[in-house]
Amino acid sequence: MQLDRLPLNQIAVIRTIDWESLPDQESHRLRALGFEPGVTIEALHKGILMWRDPLAVRIGRMTVALRTKVAAAIDCEISA
Amino acid sequence: MTQMPPLVALVGNPNAGKSALFNALTGARQKIANYPGVTVERKSGRVMFADGRPVEMIDLPGAYSLDPDSLDEAVTRDVVLGNLAGHRRPDALVIVLDAGNLDNHLRFALELIAQGLPTVVALNMIDLAERDGLRLDAQALARALGVPVIETVAVRRRGLEPLMAQLDQILKAPRSVTDPVASSFGAQNQRARDIARAAIISETAGRQWTRRLDAILLHPVGGVVILLSLLFLMFQAVYGWSEAPIGWIESGFALLSDGIKNVMPDGLLRSFFTDGVIAGVGSVVVFLPQILILFLFILLLEASGYMTRAAFVMDRMMAAVGLSGHSFIPLLSSFACAIPGIMATRTIMDQKERLATILIAPLMTCSARLPVYTVIIGAFIPASTVGPGIGLQGLVLFGLYIAGILGAMLAAAVIQRFVTRSRTSSFLIEMPRYQWPRPGDIAINLWQRAWVFLRRAGTIIFAATVILWALLSFPKAPDGSNVSQVEYSVAGRIADGLEPIVRPIGFNHDIALALIPAMAAREVAVSALATVYAIDAADEDAAATSLGPKLAADWSLATALAFLAWFVFAPQCISTIAVTRRETNGWKWPIFMVSYLFALAYAAAGITYWTARSFGL
């Protein structure tokens with residue numbers, strides 16, 4: 001399931017990240033923030049008003065805000 | 001030659017508590033300058049070892065890796081690697097780690113340790129980590145990293161002595177690098193997570209506080225309401241709380257001016273001091289209270305961790321014009337003054353977005369426009385009410401702010417579409433834990449802001465003021481001439497040349513003349529008009545009171561409105577142009593900025609004037 005579709009407060013694990021679809025800068029910062037396959041992730045909040053964008057997610061013990069467009073490149077699996 | 005004290009750099013991820021540790025170690029004895037060749041601020045301070053030997057500490061900009069995404073990060077890399085020309089390489093590093101965020105922060109620590117410099121790790125904010133249900137084994141971490149690890153709580157000054165002692169030891173016995181770190185990000189991340197896992201003794205689900213607060217502050221509707229209320233409160237405070245201190249500063253300068261008038265004979269030198277130096281520098285220093293109040297709010301928002309949430313809330317709206325939440329913070333600062341606003345754009349990752357933000361920052365209504373607005377509104381807009389509690393004058397002022405914001409949004413959309421040709425903006429940011437701002441850190445920061453501002457007033461503004469005074473004072477009008485000194489001066493003659501250009505937008509000769517000194521600082525337009533109308537006023541406020549009726553008698557309403565419209569857009573204030581040149585490394589962008597803003601101002605004033613005329617005003 002793509003990260004932008006992950007239900008809130010649902011713990012999941014990153015399966016793959018489609019690095020090719022992201023601009024260099026974004027994939028670079030994403031890696032620096034620790035986004036990697038195998039990492040546990042949780043969607044916490046969705047953006048304001050009717051946009052529901054950007055998205056706040058928990059990765060490790062850190063909260064990161066990212067746009068849904070970037071989140072769509074991150075494929076995760078809901079952990080049992 | 002005396003031997004230089006060893007240089008120690010504090011380095012770490014953003015939000016690791018690096019600056020708090022730096023403040024705790026160095027106290028208020030800090031020096032701010034720029035790194036050679038770049039405009040990134042360099043904070044340094046001197047710390048003593050137990051036996052009194054000094055060590056120079058620098059606080060490097062927060063970074064996520066040595067492979068930079070932003071200007072700030074590039075400086076951190078260059079200093080750590082010793083590649084910054086004109087800056088010596090540190091003799092040792094203190095890596096500041098957020099104890100509550102080891103899995104994410106250790107990767108950068110591994111990268112830094114691999115550089116081979118003597119290194120100590122400060123396991124910072126250990127108390128917050130414990131509060132969040134995390135227990136760590138510092139010894140295990142030290143073994144895994146191969147460098148000493150000291151637990152610190154910077155804000156409570158815990159662990160500072162052991163840190164200094166350890167630093168002393170590693171400086172004496174440099175370590176050898178035996179453990180090159182795997183090169184790929186993925187491998188580093190994996191290793192970082194393994195080490196973090198080994199160092200964690202026990203953990204429970206953490207950050208409950210932050211999650212609960214975020215549920216309110218990032219609420220899809222509530223979050224917007226809270227942000228707007230905060231901004232409203234902030235502007236109320238900027239104008240409400242500053243009245244008294246502004247009064248004190250004005251009386252102070254008036255006293256000084258009177259004092260000089262009493263001890264010096266009338267003449268050129270006295271005019272230089274009272275009309276030139278004191279009036280000019282004083283008219284700028286008067287804004288110190290407003291700027292400090294605004295900075296107080298901004299610092300509090302930043303230190304509490306709320307600022308990134310504000311960026312989160314604003315991101316989607318900024319995206320509509322090709323910007324992102326990253327631009328929100330610099331633009332907010334620009335309401336105080338565009339200069340710190342433009343400098344704050346350095347944290348924006350995307351260089352096109354950064355450029356667009358710099359170019360529109362002068363459209364945010366800075367505090368220097370306020371005296372101009374106040375005088376004109378007071379003179380031309382009746383103090384009637386249009387609704388319960390809503391005055392017409394206040395409404396017009398509000399409208400001028402909105403006009404600036406809308407102008408900025410429009411300009412951003414056009415610039416991103418046609419000038420920088422940026423296809424997408426990006427928003428990707430770590431949101432730190434909430435914490436109580438520490439008064440000491442805020443105070444140090446405010447003091448630094450005040451100092452930077454006053455230094456600017458004492459140099460750039462002082463110089464500009466002296467030049468303008470000279471332009472207005474020379475050549476001397478012959479005795480008995482019926483031409484006033486101002487008209488006869490170089491500035492007056494320039495105004496003659498300017499007049500035909502501004503005549504079509506409803507400006508008269510006096511306005512043309514006032515526009516010249518207003519280039520130094522917008523608010524000078526007020527005192528310049530006052531001078532032109534030959535009113536003997538020591539400062540703007542006194543000028544304003546007597547200037548109002550004079551203007552109301554002399555100008556048409558259409559001219560007054562055009563004058564206001566001009567000031568919404570005009571790129572006045574040479575300092576802003578100078579800082580734009582510095583931040584964009586050349587004249588291309590400041591020239592572009594000045595041209596488009598003048599064009600906008602001219603068009604806006606013209607449209608306002610002719611529309612008003614067609615309504616018979």
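Modeller: The radius of gyration is taken over C-alpha atoms, and the globule rule sets 2.2 Å times the number of residues to the power 0.38. This is a predicted model, and for the 617 residues of chain B the rule gives a radius near 25 Å, with which the 28 Å of the chain agrees. Along the principal axes, the C-alpha atoms of chain B fill a box of roughly 85 × 60 × 40 Å.

Colleague: How many helices and strands does chain B have, and what percentage of its residues is buried?

Modeller: Chain B has 27 helices and 12 strands, and buried residues, those under 20% relative accessible area, account for 56% of its 617 residues.

Colleague: Which residue of chain A forms a salt bridge with B:Asp69, and why does the pair join two chains?

Modeller: A salt bridge needs a side-chain nitrogen of Lys or Arg within 4 Å of a carboxyl oxygen of Asp or Glu. B:Asp69 pairs with A:Arg29, their closest N and O atoms being 3.0 Å apart. B:Asp69 lies in the loop between strand 4 and helix 2 of chain B, whereas A:Arg29 lies in helix 1 of chain A, so the pair joins two chains.

Colleague: Is B:Asp69 buried or exposed?

Modeller: B:Asp69 counts as buried because its relative accessibility is 9%, and A:Arg29 is likewise buried at 9%.

Colleague: Where do B:Asp194 and B:Arg197 lie?

Modeller: Both belong to helix 7 of chain B, 3 residues apart, which means that about one helical turn separates them; the closest N and O atoms of their salt bridge are 3.9 Å apart. B:Asp194 is partly exposed at 38% relative accessibility, while B:Arg197 is exposed at 55%.

Note on methods
Residues numbered from 1 in each chain as written. Chains lettered and ligands numbered in written order. Predicted model: local features only at pLDDT ≥ 70, side-chain atom pairs only at ≥ 80, totals over all residues. Heavy atoms only, no water. Helix = DSSP H or I, 4+ residues; strand = E, 2+ residues; numbered from the N terminus. Buried < 20%, exposed > 50% of the residue type's maximum accessible area, 1.4 Å probe, protein only.
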